[in-house]
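Here is my note on the side-chain contacts, written for someone opening this entry for the first time. Please read it with the structure on screen.

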Amino acid sequence: MTEIPIDGARGTVELRNGVLHVRWIPGLAICEEAAVAVMSAVNELSRGRPFPMLVDMAATESMSRGARRVFARPSTVARVALLGASPVDRALANFFLSIHSPAAPTRYFTCPEEAMRWLRLP
């Protein structure tokens with residue numbers, strides 16, 4: 001297990017059992033700078049290999065337009081499961097998915113086990 005803090009103490013990125021895990025701090029407004037920082041940590045951990053990624057976005061406050069553009073860019077991420085718990089989380093995820101066509105297959109989940117099953121699909 002290797003964990004990298006997201007620049008500015010915004011959260012962490014960890015590669016565990018073949019899955020990248022992104023955890024944002026509660027109440028974070030994800031700006032473009034934070035999105036670039038998390039993708040930099042993802043690239044550092046993946047070293048060019050494709051991995052699925054679980055993003056725990058529970059209690060995330062908002063996501064800027066610039067951050068959404070960063071997350072929609074092609075990367076080494078194979079697929080993305082957005083994990084949330086509240087109607088706000090679902091609204092953020094649905095808004096992102098309706099406006100952008102992410103380079104990797106992306107789905108929203110409220111159940112961690114379902115998200116992990118989907119991430120491990122061939």
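1. Basis. This is a predicted model, in which local features need pLDDT of at least 70 and side-chain atom pairs count only at pLDDT 80 or more, while totals for chains, interfaces and linings use all residues. Residues are numbered from 1 along each chain as its sequence is written, and side-chain values use heavy atoms, with hydrogens and water left out.

2. Aromatic pairs. Searching the whole structure gives two aromatic pairs. Rings of Phe, Tyr and Trp (its six-membered ring) pair if their centres lie within 6.5 Å; planes under 30 degrees apart are stacked, over 60 edge-to-face, and the rest tilted.

3. Trp24 and Phe71. This pair is edge-to-face, with 6.5 Å between centres and 70° between planes. It joins distant parts of the chain: Trp24 lies in strand β3 (residues 19-24) and Phe71 in helix α2 (residues 65-72), 47 residues apart. Helices (H or I, at least four residues) and strands (E, at least two) are DSSP runs, numbered from the N terminus. Trp24 counts as buried because its relative accessibility is 7%, whereas Phe71, at 21%, is partly exposed. Here buried means under 20% relative accessible area, exposed over 50%, and partly exposed in between (1.4 Å probe, protein chains only).

4. Phe109 and Trp118. These rings form a tilted pair, 5.6 Å centre to centre with 45° between the planes. Both Phe109 and Trp118 are buried. The charged end of Arg79 sits over the ring of Trp118, 4.4 Å from its centre; the rule asks for NZ of Lys or CZ of Arg within 6 Å of the ring centre and within 35 degrees of the ring normal.

5. Salt bridges. The count is four, taking a salt bridge as a side-chain nitrogen of Lys or Arg within 4 Å of a carboxyl oxygen of Asp or Glu. One of them joins Glu33 to Arg10 at 3.2 Å, N to O. Glu33 is in helix α1 (residues 32-46) and Arg10 in the loop between β1 and β2 (11-16), 23 residues apart. Arg10 is buried, at 13% relative accessibility.

6. A network. Which residues are linked in a network of salt bridges? They are Glu3, Glu14, Arg16 and Arg23. Arg23 and Glu3 have their closest N and O atoms 3.8 Å apart, and the pair links strand β3 to strand β1 (residues 2-6). Arg16 and Glu14 meet at 3.3 Å, N to O. Arg16 is partly exposed at 27%, but Glu14 is buried at 5%.
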